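Please keep the sequence and the structure in view while reading.

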Amino acid sequence: MQTFPLVQTKIVDFFRIQRSLDSIPQPSQENQRKRKRGVRLVVTKKKRKLLPFNPCEDPNRRLQQMASLATALTASGADFSNELTYRPGMAPRSANHPALEKNGMQALPKDDLDTLNLCKNMMERGECPPLMVVFDPLEGFTVEADRFIKDLTIITEYVGDVDYLRNREHDYDGDSMMTLLTAANPLQSLVICPEKRSNIARFINGINNHTPEGKKKQNLKCVRYNVDGECRVLLIANRNIGTGERLYYDYNGYEHEYPTEHFV
């Protein structure tokens, strides 16, 4: 397997980064003092909000992280994309409507939407989530945390080409397909197909639902949201994740139809 070159210009082009991979600007002490003075010592019970991922400060380490993802995507024959894509001959964007969801779909709150947009903007600037794609002889490509990740952190959005489920029911090679919309009318159900365009979500593995050891591995949850009138799928930390820990989520969080007995 050929490793993607650890060259900044090549990585910038591969991920279509909007600026060079310089260090992340840190808040000034003056701004920090202002925020500290603004803290209200009032204890209230609030809904827990989603957190943005925390990129590594070292630009060289971020280069290594992105090179690991570029290596996996190139080996898989896929291009990088961080958005849902709509291709001719597949489902149109107008088909992605949360109102069609059989049991309804929760809306992403405004504060969490701002956090999601922050994550997207950071990725566009080359400030990637602190993750490393590694190759395991048993699991294939898999993803490890490259620094501590807090509970409720947005890891990534699951992206790829959007298609009707009816077009993919006999696609036995589509082991990375993700449910996007489960409609009351099955002909309107949608899936995300990351074979040709995808991001790091494609390489995050699932747990074995049939063993206690497999279930203990889960450290992410897969959640579908109504985001500004469209269905989106987010992978979110469901507990604190230590450095070097591999990321796993439950492939059967919704339908319980994916066979996982053979998973490690």
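A search of the whole structure finds one cavity of 30 Å³ or more. A cavity here is a set of points, on a 1 Å grid over the protein atoms alone, where a 1.4 Å probe fits but cannot get out; lining residues have an atom within 4 Å of a point. The largest cavity holds about 180 Å³ of space, a volume being the space filled by probe spheres set on the points, with grid points joined across faces, edges and corners. It is lined by 19 residues, and the closest to its centre are Asn82, Met123, Pro129, Ile155 and Thr156. Helix H3 (59–76), helix H4 (110–124) and strand E4 (154–157) are the elements that give two or more residues to this lining. Helices (H or I, at least four residues) and strands (E, at least two) are DSSP runs, numbered from the N terminus. By class, the lining has 13 nonpolar, four polar and two charged residues. Ala, Val, Leu, Ile, Met, Phe, Trp, Tyr, Cys and Pro count as nonpolar, Asp, Glu, Lys and Arg as charged, and the others, Gly among them, as polar.

The model is predicted: local features need pLDDT of at least 70, side-chain atom pairs count only at pLDDT 80 or more, and totals for chains, interfaces and linings use all residues. Residues are numbered from 1 along each chain as its sequence is written, and side-chain values use heavy atoms, with hydrogens and water left out.

Two strands pair if DSSP finds at least two bridges between them. E4 and strand E11 (residues 230–237) run antiparallel and are joined by three bridges; isoleucine 154 stands opposite isoleucine 236 in E11. Contact means heavy atoms within 4.5 Å.

Another open sheet has three strands in the order E5-E7-E6, again with antiparallel pairing. E6 pairs with strand E7 (residues 190–193) over three bridges in the antiparallel sense, and leucine 181 stands opposite leucine 190 in E7.

Buried means under 20% relative accessible area, exposed over 50%, and partly exposed in between (1.4 Å probe, protein chains only).

| Residue | Relative accessible area |
|---|---|
| Serine 189 | 6% |
| Threonine 71 | 7% |
| Threonine 153 | 4% |

Serine 189 is in the loop between E6 and E7. Leaving aside neighbours within four places in sequence, its contacts are Asp163, Tyr164, Leu165, Leu181, Thr182 and Ala183. Threonine 71 is in helix H3. Outside four places in sequence, threonine 71 touches Met1, Gln2, Thr3 and Phe4. Threonine 153 lies in the loop between strand E3 (140–145) and E4.

Key: 1 Å grid on protein atoms, 1.4 Å probe; cavity = no way out; pocket = protein on both sides within 12 Å on 5 of 7 lines; lining within 4 Å.
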